[in-house]
Structure formats: C-alpha cells, structure tokens
Amino acid sequence: MRHYKIIIAFLLLSAGMISCRKYVEDVPIQGQRVLVYTEDYRFLLNNRDQQEAAFGSAPLVSCDDVDFIAPEIQNNIKANNTQKAIYTWRKPVYTDLAQDYDWNTLYATMYTYNIVIDGVMDSKGGDMLLKQTLLGEALLHRAFNYFNLVNLYGKQYDAATAETDPGVPVLLKAALFVDLKRASVKQVYAQVLKDITAAIPILPLQQDINFRPNKAAAYALLSKVYLNMRDFANAAAFADSTLALSSTLYDYNIAVAGSSYIFPSQFEDKQILLRKVPRQTFSAPQLSQAMLDLLGTKDLRYQLFVKQGASFYPSFTGLGFWSREKYSGSPDKPAAGLSVNETWLIKAECLARAGKKDDAVNMLNTLRKLRFLPADYAGLTAATAAEALQLVVDERRREFFGSGLRWFDQRRLNKDPQFAKTVTRSFDGATYTLEPNSTGYVFPLANILIAQNPEMEQNP
C-alpha cells in the first residue's frame, strides 16, 4: 500500500539531501545515500524553514479572535473552498485530491527527526556532547510536532476519554511503509512526554540561535503539555523550571519610544524560547469586536498590532491584526512556539486555579506594566480566585491574539464551565455555530489520506 504522506516526507528530505551533496558521504547501501558524519545530522537540523513550521492558518481563521464580517473579505473567501470550510467550521475541509499541507509539512519534518534520533549517536566525527545535543533537539522538535498534530486533528485531552479518542499516527522510525493506524490521544500525549523527558538531560542550557531547543524550551513545552492535560500542579512546577532558566519579558515601551514603531525580530526577542511560526498566515485577519473591546486602545499591543483595514489586501472597513513581521521582516510571522511570556501566564493560571489569587494577579501586573505606557497603566485586582483566573485567560488572549494560539485555548477552556461558550459567525447570508467541545474543534483529515491509507479513521 502506498502511504502518501510518508512518501511526501521522503521526497522533501531527499531534495534537501541532494542540495547538500558535499556534506553527505555517498555510501552505496541498497542504492541509497546514508548519513555518516555528525555534521550531516547538524545540517539536517539546520533547515530552518522546516524546523520552524508550527501549523498553518487554520487555527487563526477558526478562532474567535477574528470575525470576517467585511464583504470584501467574505467575497475573497468564497473563491476558496478550504478557507470557507475552515472559517465556518464545516466539513469536509479538503475535498477530492486536495492536500492538507499542514499535515504534510509536520510529518515531513517528523521523518527528519526520526532519522536524527535513529542515527546520530552512531555517527562519525562528532564529540559526544554534540551528538547528545542533536539527539535532544530532534526529540524536542518531534514532541512539539506531535503535540500540535494531536491538538489539530484529535479531541482535546480528557482523562476520561483520552484512551479511546483517536489521535494521530505515531511514527518513530524513518521508514517509508508503515502502519498508519491512529494512536489514541492518550498514547500521543504519552509519547510527547516521553520525548521531552528524554531530551531534557541532554539539551544544553543555551543555544546560539533560538530555533534550536535548549533546556528552558523543553521545560516550557512540558509545562504547556501538562496545562492541556489539566495537570496544573505539574504545569506550575515546570513553568517554575523554565522561568528559573529564562524569565526575560520584553518591554513594549521600547517598541513605541521613537518616532516610528519598531519591534524586535524573534531572533533577538529574549522572550522567545523556541522559535516556531505558522506555515501560512491569512492576508486580511479582521479582528472581532469582542477581541478589540478586550484589548482597548491604550494597550501598546493595540497600538502595535492593530491597523485599519485599508492597510491589508483585500482592503476592508474595520480593523485587522498587524503581524510582527511587518516590523522585522517576512520570516517573523506570529510567534507560535515556546516563550517566556506564555510560560509566565501558564504559571499565573496555575496559581489562580490553586486559589492563590494575589500571587496570580501580581504576575499579571508584572507583565502588564510592560504592555502600557506608564501614564496608562492601572494594576488589576481580583476579589476571588475565579476572578483572578478570568483575568489570566483574558490576558492570554491579549498577549497572543493573531497568532492562532487562541484556538487551542478555546479547545482546552471548553472543559471549564466558567469559560465554555458558543461561538457564532455569519457568512454569505448564513449563520454558523460552534458549540463547546463539538466536533468542529477537531479538523478532519484530508480525504486523499483516507483513500490511500484506509486503516486511518476519519474524524466525525
């Protein structure tokens, strides 16, 4: 049986290897070139475009940060059946022979990680420290990918159902023809935790560039995974481990200090622990009124990242998300990886859930002082732990709007009666509804994957 996505992964990897011929020794084993030297594996993990892909535009288009009510945007979407289906939470998303390039990209990189994990420790010419570092990087990248995949194509983790909820295929060997039966959500999470745990002891404290994982990034991913599992004690503990190693928050006052606004590249932003960006973004992300009301015009995040619709294509009446790449260049799409500011807010959320409302609000206020001009800043207060938790959730939305991360928060917060809500939107004269915990929160697999790999179960 032909396994489509694995073949895609092999072709992508092969193309990269052909382009780096001088770095890889040709060894005629069954007609295939194999990697020999430790530097060969370093080269594979230096493919920044491949390593940085987090997900595509689907989480942003689906989440309640945006509301494409402008007729100019709706007319543009009508011509794209995939975007229309994603925006209205309808299925199927990918019809006939249409490809899901988010799925393909993440599994293509998985093939690379499995090659490194399988072979780097037996490679020639590198010292043990470099080999272990490369192994740790591949393990953490693989964990990050599987965490994203299971939260795109599987149900939100629920301890009561995770053992039977379909997740995604877990491929741990660089093989072309394998069983693609979907592992359960619980099994995928277990593999993610296993990979992170194996990576932590061998990752360095520092890396020379932030698309290479370090220890702080590993602890941050561990904290985020436990948050999604609703294991708030472990999420808090590993947030502490992260912040003990890296706790720098960027002061947005620096960005607006001059005559023209600036914003640092993710490569220079000390908040970024592991640089990951969306594979694809949306050209005219019109912001919902609820998002704008929550943000407020005095917030420096509003001043930096909200622009009139005339600045976008297609031009529209309303306000849209102005991405950080507009300041620091096209590689800097919204930060969708691991960061100090997200880990900071995970810790604050865990404090609020543990009833430590004052500690949670103090953490919020420390961050918020860096998001307002001094004259506009006002500290938050909470009378109850529930109020503190609401403040944290609101702050997460302000901090990450436009990145697509809100979609994943919507999924996990549906498990809290305090936050579960029905989302509605209108498109082309019809009204569409997304109920809490509905199947609309799980993206379907591309039909071509099911047709060519019938052992794979489609999502409802």
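Modeller: An axis here is a line fitted to C-alpha atoms, for a helix over the stretch in contact, and the angle between two axes runs from 0 to 180 degrees between N-to-C directions. The model is predicted. Two packed helices are described by the angle between their axes and the distance between the axes.

Begin with helix H7, residues 101-119: the axes of H7 and H8 come within 9 Å and cross at roughly 155°. Angles over 145 degrees count as roughly antiparallel, and H7 is therefore roughly antiparallel to H8. The crossing of H7 and H8 is left-handed. On the H7 side, the contact is made by Asp102, Trp103, Leu106, Tyr107, Thr109, Met110, Tyr113, Asn114, Val116 and Ile117. On the H8 side, the residues include Leu134, Leu135, Ala138, Leu139, His141, Arg142 and Tyr146. Sorted by type, the residues of the H7 and H8 contact come to 15 nonpolar, 4 polar and 2 charged.

H8 passes H9 in a left-handed crossing. From H8, the residues that meet H9 are Gly136, Leu139, Leu140, Arg142, Ala143, Tyr146, Phe147, Val150 and Asn151. Their partners in H9 are Val185, Val188, Tyr189, Gln191, Val192, Asp195, Ile196, Ala198 and Ala199. This contact of H8 with H9 holds 13 nonpolar, 3 polar and 2 charged residues. Leu139, Arg142 and Tyr146 of H8 are listed in the contact with H9 and also in the contact with H7.

Now the empty space. Rolling a probe the size of a water molecule over the atoms shows where empty space is left. The structure holds 7 cavities of 30 Å³ or more. H8 has a part in the second largest cavity, where H8, helix H10 (215-228) and helix H19 (405-413) each supply at least two lining residues. The volume of this second largest cavity is about 100 Å³. Its lining has 13 residues, and Phe147, Lys224, Asn228, Glu342 and Phe408 lie nearest its centre. Phe147 is also one of the H8 residues that meet H9. H19 provides the largest share of the lining of the second largest cavity, 4 residues. By type, this lining divides into 5 nonpolar, 3 polar and 5 charged residues.

For comparison, the largest cavity contains about 270 Å³ of space. It is lined by 22 residues, with Tyr252, Arg324, Ala335, Glu399 and Phe400 nearest its centre. Helix H14 (300-305), strand S4 (338-339) and helix H18 (385-400) are the elements that give two or more residues to the lining of the largest cavity. H18 gives the most, with 3 residues. The lining of the largest cavity divides into 12 nonpolar, 5 polar and 5 charged residues.

Conventions. Residues are numbered from 1 along each chain as its sequence is written. This is a predicted model: local features need pLDDT of at least 70, side-chain atom pairs count only at pLDDT 80 or more; totals for chains, interfaces and linings use all residues. Side-chain values use heavy atoms; hydrogens and water are left out. A crossing is left-handed if the near helix is turned anticlockwise from the far one by less than a right angle, and right-handed if clockwise. Contact means heavy atoms within 4.5 Å. Ala, Val, Leu, Ile, Met, Phe, Trp, Tyr, Cys and Pro count as nonpolar, Asp, Glu, Lys and Arg as charged, and the others, Gly among them, as polar. On a 1 Å grid over the protein atoms alone, a cavity is a set of points where a 1.4 Å probe fits but cannot get out, and a pocket is an open set with protein on both sides within 12 Å along at least five of seven lines; lining residues have an atom within 4 Å of a point. Grid points are joined across faces, edges and corners, and a volume is the space filled by probe spheres set on the points. Angles under 35 degrees count as roughly parallel, over 145 as roughly antiparallel, 65 to 115 as roughly perpendicular and the rest as oblique.
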